[in-house]
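This briefing covers a set of computed features, arranged by topic. Please keep the sequence and the coordinates to hand while reading.

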Amino acid sequence: MICLGGGIAQGVFPASGVSIAAVPFFGVYLVIAFRNIARVGWVLLFFSFAIAVLALADGIETRIFAEAAGRVVFLSALLTAVAFLRIAATQDPVVEVAGEYLTLQPPTRRYASLGAGGHLFGVLLNLGGLGVMLEVIMKGLAAHRHEMDDFVFEARKRRMVSACMRGFSSIAFWTPFGIALNLMILTIPGLEWAHLAPYGIALAGVLFLLGWLFDTVEWWRPPSARGRAPALAGDLPGWAHWSALIVTGHVLVLGGAVVALDRATEYSFQTVLITIVPIYALFWSGLRQGIGSFRVMSRRFVTQAPGFATEMSVIASAGFIGLVALEVVPVEWIADHFGWIATRPVLTVVLLIITVFLTGLLGVHPMISVVLLAEVVNRIGVDGLSPLALGLALAGGWSSIICMGPAITAVVYASSIVGERPTTIGLRWNGFFGLVSILVITFIVGGGVATGLL
């Protein structure tokens, strides 16, 4: 909460140094919640500490640490703000009905409904939204397990989980409430959400159609095989068909409020975002359950806050490492050996997309690779490469690896809910889709840069 207040104050009073004062409290939070930090969080915290020591030994400017403190506080504030939104959404029965309604659609509409559900819930709740959708899917399958033989059960689970994962992965292209785009806006000078979002939504639509094509071809059945898998049925209220529209309305209203205030005020997009999201969450909860819901939300926040420790440590570490690491590594050497890309914007885009994708397969989360690559490109300076093209290239690599990398947080999280190994969900179920999607994104973004459209 101190980081949330500090992030807002830093945005309103940029020269106040509030973020520096808030960082120690973030450290106190990690100490209090240390039992909830997973291995990946400890690894990144260790690397952050090691890089900080190397930077101090190298005589790094105090200004860099101040910027890094601001980034850590903002990212922590963003997760805190979104946590309130998660609580408000999960308290609303409409959200659960929407998830179940999307899950119970007939096979002809199932990929579209689950892909849209994974995307919609991901926009609203980020990783928590993916969890909500997967929990609803597994609950529905378990309720009808006795109606299906083993083959049908496994096939249906694979198809439904894959649709949800693929829909979730494309939120990196445009959602203003997620980490991906906010990290890129922080790192890429001149990149604006309002400018990137239309292109990002279009690319997300292309991947949605690609996933639907994959699903149709892979699960096409001859007429003689149809009827083997009974349709799922659930006891939904009569207004269930409106629930998905209501959830969509929340996304549109909240997004519209952030964009409108960003345009109407002198404050940055990030400052408006972390201010409006928790206010909207409180308003949503109060509208549904009255003033007494504020006390319930407060208790739930305090109860759940230690569970955010892994997300907090990973995301804050990624922001810190991405900024400070370039002050430690030999930037001049990088410029000398990679300076040839300065006149090759198309090749630069291709290399960026492939690098984010391959490093993600090796276990390096895009939060780190995207920030480092963006900083390197900023230092080198590539003629003809606009902030928009750079942002789309990095988001493309991020989106393609999110549903495929066995060590990526979303895949590991999904495996714990679904009961399958990360390699099964990532490589077996979504591997081919990830490879084709990276080629499609490379062709579109690279072609846009080559023709001057991006």
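Predicted model: local features only at pLDDT ≥ 70, side-chain atom pairs only at ≥ 80, totals over all residues.

Residues are numbered from 1 along each chain as its sequence is written, and side-chain values use heavy atoms, with hydrogens and water left out.

**Largest pocket**

- The largest pocket has a volume of about 1,100 Å³.
- A pocket here is an open set of points on a 1 Å grid over the protein atoms alone, where a 1.4 Å probe fits and protein lies on both sides within 12 Å along at least five of seven lines; the volume is the space filled by probe spheres set on the points, which are joined across faces, edges and corners.
- Its lining (residues with an atom within 4 Å of a point) consists of 45 residues, and Arg86, Leu127, Glu311, Thr409 and Ala410 lie nearest the centre.
- H4 supplies the largest share of this lining, six residues; helices are DSSP runs of H or I with at least four residues, numbered from the N terminus.
- By type, the lining divides into 29 nonpolar, 13 polar and three charged residues, where Ala, Val, Leu, Ile, Met, Phe, Trp, Tyr, Cys and Pro count as nonpolar, Asp, Glu, Lys and Arg as charged, and the others, Gly among them, as polar.

**Nonpolar core**

- The largest nonpolar core has 153 residues, and Phe121, Leu134, Leu394 and Val445 touch the most other members.
- H4 gives the most to this core, with 17 residues.
- Such a core is a set of buried Ala, Val, Leu, Ile, Met, Phe, Trp, Tyr and Cys residues joined through side-chain atoms within 4.5 Å; buried means under 20% relative accessible area, exposed over 50% and partly exposed in between, with a 1.4 Å probe and protein chains only.
- Leaving out residues up to four places away in sequence, Phe121 touches Val95, Ala98, Gly99, Leu102, Asn126, Gly129, Val132, Met133 and Val247; contact means heavy atoms within 4.5 Å.

- H10 (residues 193–218) has 26 residues and reaches 36 Å from its first C-alpha to its last, close to the expected 38 Å; the expected span is 1.5 Å times one less than the number of residues.
- Buried residues in H10 include Trp193, Leu203, Phe214 and Asp215.
- H12 (residues 269–289) has 21 residues and spans 30 Å between its first and last C-alpha, close to the 30 Å expected.

- Gln91 lies in H4 (residues 62–91) and counts as buried because its relative accessibility is 13%.
- Leaving aside neighbours within four places in sequence, Ala316 is in contact with Phe26, Val72 and Ser76.

- Gly381 is in the loop between H17 (366–380) and H18 (387–402) and is partly exposed, at 31% relative accessible area.
- Gly381 and Thr343 are 38 residues apart in sequence, with their C-alpha atoms 9.0 Å apart.
- Pro387 lies in H18 and is partly exposed, with a relative accessible area of 30%.
- The C-alpha atoms of Pro387 and Glu192 are separated by 8.5 Å, across 195 residues of chain.
- Pro387 also touches Ile188, Pro189, Gly190 and Leu191, not counting residues up to four places away in sequence.

Note on methods:
Helix = DSSP H or I, 4+ residues; strand = E, 2+ residues; numbered from the N terminus.
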